[in-house]
Amino acid sequence: MDRRISRRDFLDGMGVAVGAAVVGGALGGCSAGSWGGIHNSVVDPPDGWKYAGAGNRAYPPAMQALRGSTNPAMRIPHELRDGIFWSGGKPITSSGEHYDLVVVGAGISGLSAAHFYRQAHPGAKILILDNHDDFGGHARRNEFSPGGKLIIGYGGSQSIEDPTVWSPEARRLLTDLGIDVKRFDRYYDQKFNDRWKLNDSEFFTRDLFGRDHLAVMKGDTQTAETLRGAPLSPAALAAYLELQDKPKDYLAGLSEPQKKERLVGLTYRQYLRDVAKMPGEVLDYLQTYTSDEWGFGANAFGAIDAWASEYPGFEGLKLDRSKPYRYCGPTIQLQWDADDPYIYHFPDGNNGICKLLIGQLIPGTGAPRTMEEEPLARIDYSRLDVAGNDVRLRLNAPCVRVEHQGGNPGAKTVNVDFVRDGKVYQCTAGGVVMACYNTMIPYLMQDLPGDQKQGLFYGTKLPIVYAMVQLRNWRAWQALKIYHTRFTSGDWCVAELDYPVSMGGYEFSKDPDQPILVHMIRMAVSPEYDNPRGGIGPGRRELFARPFARYELTLRDQLTRLLAAGGFDPARDIQAVTINRWGHGYALEYGRPWADFWPDGPLPSVIGRRPYGRVTIANSDSENRAYADAAIDAAARAVRELG
């Protein structure tokens with residue numbers, strides 16, 4: 001840990017005054033109002049407004065250090081949020097372009113919208129705008145080249161999860177792209193962990209338990225034997241094992257409807273504390289149990305969804321599991337009977353879907369034509385925005401205003417203003433799909449009805465950080481017999497070896513002496529709120545204010561504490577780091593007890609996504625589900641609404 005940590009091209013910062021009034025008095029953007037405070041200080045980005053990571057900007061996937069929501073990508077959106085972008089007046093130059101469709105946002109939803117629109121309108125002219133320097137939204141590709149060998153990772157959206165319950169439109173998109181998920185039965189090495197005798201694990205952290213301790217599971221389950229030596233008191237250990245293996249009926253005397261109704265009004269932590277009467281050590285041990293999957297801890301996750309997810313503590317209630325309870329969250333209800341293995345994963349995660357979409361939308365870019373070509377296909381970014389192409393993808397071009405001609409929502413033409421190379425340009429379109437962060441839309445469309453703005457503002461996304469760490473080898477993991485760990489506290493809640501996928505000429509690490517990527521997850525929502533929306537504002541502000549060096553320091557610290565007993569040396573074994581910082585990460589999924597309007601409504605997402613003239617709204621935000629199929633479903637709906 002004594003290796004010097006570079007501050008990586010810290011450039012001149014540019015202070016930005018924030019805290020301006022939000023349009024119409026609504027809460028929105030990165031501010032959180034009563035849900036965690038508003039921006040009320042001058043923000044000076046520690047890495048500078050120009051800093052976008054290290055490496056060749058002509059090929060973003062291979063750039064490293066601080067990536068994702070980089071400062072250049074967020075500067076203009078934040079100026080719009082703070083009400084200062086248009087101050088002093090800015091000249092607007094006509095680009096001379098007219099498109100049948102403009103799509104704002106080049107993530108899975110935006111690219112899918114372009115695809116669906118072209119199917120409905122062959123030959124249509126489409127422009128896709130994005131404020132980032134790479135396409136894919138959170139479905140981002142990370143590349144590394146140790147010793148000249150290509151290693152591929154993902155910086156966000158991971159896998160095609162439970163495709164058997166995807167909508168017909170979403171499944172059709174996979175078919176259109178030539179993605180046959182059954183081929184992953186061969187490409188994903190499902191015997192990898194068994195062959196190397198690797199197990200799941202949990203890491204008790206010294207700040208909560210007095211000392212660090214790695215508890216290696218038996219497969220994926222803790223037992224009295226695997227927890228032997230853990231820093232739990234005998235009483236706490238006994239209480240947890242009861243909770244996991246032989247939970248009592250902690251709601252004895254209530255009928256089944258009464259039990260479920262009681263769970264609806266509790267968080268998982270409240271259930272453990274107030275109903276199951278678990279000691280504080282057990283509460284601390286399970287706090288991060290929900291973090292990587294749902295974006296926040298057990299203190300804010302609903303007990304009814306914890307029951308549905310078969311988390312420890314509910315079997316003794318003897319509740320009917322033949323169907324989901326109506327108050328369970330939307331994804332839990334959708335995936336209730338799904339039994340798909342978690343193997344449908346390109347080496348670069350769902351960026352594979354995006355690259356295949358680029359291949360169909362924009363010829364001549366080097367994009368893949370088949371799923372087998374995807375891992376090794378190299379996009380020529382200079383070919384994404386070429387005059388004369390039917391579809392053009394314009395990166396580093398944030399949209400700054402969308403308005404119907406003459407300010408009339410009944411007009412047939414929409415003016416779209418965007419920034420390129422520091423100047424504001426205007427093009428026109430027959431229709432627009434807003435496939436961007438929904439909380440930005442009220443700043444881009446100031447004439448939206450007030451209730452619609454409120455609905456859009458409500459869906460502010462959860463801040464997350466995905467790190468990809470390139471290791472010289474994975475001997476320490478093999479020595480400790482682990483492939484994954486959950487930390488009970490700390491900056492990072494998960495560290496895990498990358499998924500073992502080999503396809504299309506790309507080969508995953510074959511033995512512990514070869515380089516490998518480690519995926520680490522940091523859920524940045526502040527844990528001090530029982531309502532997850534409360535922690536979004538504080539967590540996001542901390543995320544954007546933190547320099548790369550701080551992320552790297554805590555990452556090295558936790559990896560070293562986890563792996564040192566296996567011979568790990570961070571100065572020797574960590575060769576490269578990419579931090580994918582997402583201030584607006586997981587779409588906020590509604591759940592009880594905090595979302596008391598669920599499921600009967602009115603739902604903010606449904607109010608927010610209403611069509612407005614020739615403008616429709618997509619992105620997973622509008623479906624309040626943080627999954628690839630939700631993004632695709634939103635795109636299909638938005639295109640249908642355009643007609």
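Predicted model: local features only at pLDDT ≥ 70, side-chain atom pairs only at ≥ 80, totals over all residues.
Strand 18 takes part in two of the pairings described here, with strand 1 and with strand 14. Strand 1 and strand 18 run parallel and are joined by 4 bridges. In this pairing, Gly-68 has Arg-581 of strand 18 as its bridge partner. Strand 14 pairs with strand 18 in the antiparallel sense, over 9 bridges. Here Tyr-466 is partnered by Asn-580 in strand 18. Strand 18 is also mostly covered, with 12 of its 13 residues buried.

Ala-495 has Met-520 in strand 17 as its bridge partner.

Another open sheet has 4 strands in the order 2-12-11-10. The pairing in this sheet is mixed. Strand 2 (92–99) and strand 10 (399–404) stand at the edges. Each has a single partner strand, so one side of each lacks a neighbour in the sheet. The twist in this sheet averages 25° from one strand to the next. Strand 2 and strand 12 (residues 423–429) pair in the parallel sense over 5 bridges. Within strand 12, Gln-426 stands opposite Ser-94.

Helix packing was examined next. Helix 2 (residues 108–120) packs against helix 3 (residues 168–176) at an angle of about 85°, and their axes are 12 Å apart. Helix 2 is therefore roughly perpendicular to helix 3. On the helix 2 side, the contact involves Ser-112, His-115, Phe-116 and Gln-119. These residues meet Glu-169, Arg-172, Leu-173 and Asp-176 in helix 3. The contact residues divide into 2 nonpolar, 3 polar and 3 charged.

Helix 9 (residues 268–275) has buried residues Tyr-268, Gln-270, Tyr-271, Leu-272 and Val-275. The elements covering them include helix 7 (234–245), helix 8 (256–264), helix 10 (280–286) and helix 12 (303–308). Just after helix 9, Lys-277 takes a positive phi of about 60°.

The cysteines were then considered. A disulfide is a covalent bond between the sulfur atoms of two cysteines. A search of the whole structure finds 0 disulfides. For Cys-354, the closest cysteine sulfur is that of Cys-436, at 16 Å. A disulfide requires sulfur atoms within 2.5 Å, so the separation of Cys-354 from Cys-436 is too far for a bond. Cys-354 is buried, with a relative accessible area of 0%. Cys-328 also counts as buried, at 0% relative accessibility.

Two further residues were followed individually. Ser-291 is found in helix 11 (residues 291–294). The residue is buried, with a relative accessible area of 8%. Neighbours within four places in sequence aside, Ser-291 is in contact with Phe-296, Gly-297, Cys-493 and Met-523.

Leu-150 lies in the loop between strand 5 (141–144) and strand 6 (151–154). At 26% relative accessibility, Leu-150 counts as partly exposed. Its contacts, leaving aside neighbours within four places in sequence, are Arg-141, Glu-143, Phe-144, Leu-376 and Tyr-506. Leu-150 and Ala-120 are 30 residues apart in sequence. In space, C-alpha to C-alpha, Leu-150 and Ala-120 are 38 Å apart.

Notes: Residues numbered from 1 in each chain as written. Heavy atoms only, no water. Pairing = 2+ DSSP bridges. Axes fitted to C-alpha atoms, helices over the stretch in contact; angles between N-to-C directions. Parallel < 35°, antiparallel > 145°, perpendicular 65-115°, else oblique. Contact = heavy atoms within 4.5 Å. Nonpolar A, V, L, I, M, F, W, Y, C, P; charged D, E, K, R; others polar. Buried < 20%, exposed > 50% of the residue type's maximum accessible area, 1.4 Å probe, protein only.
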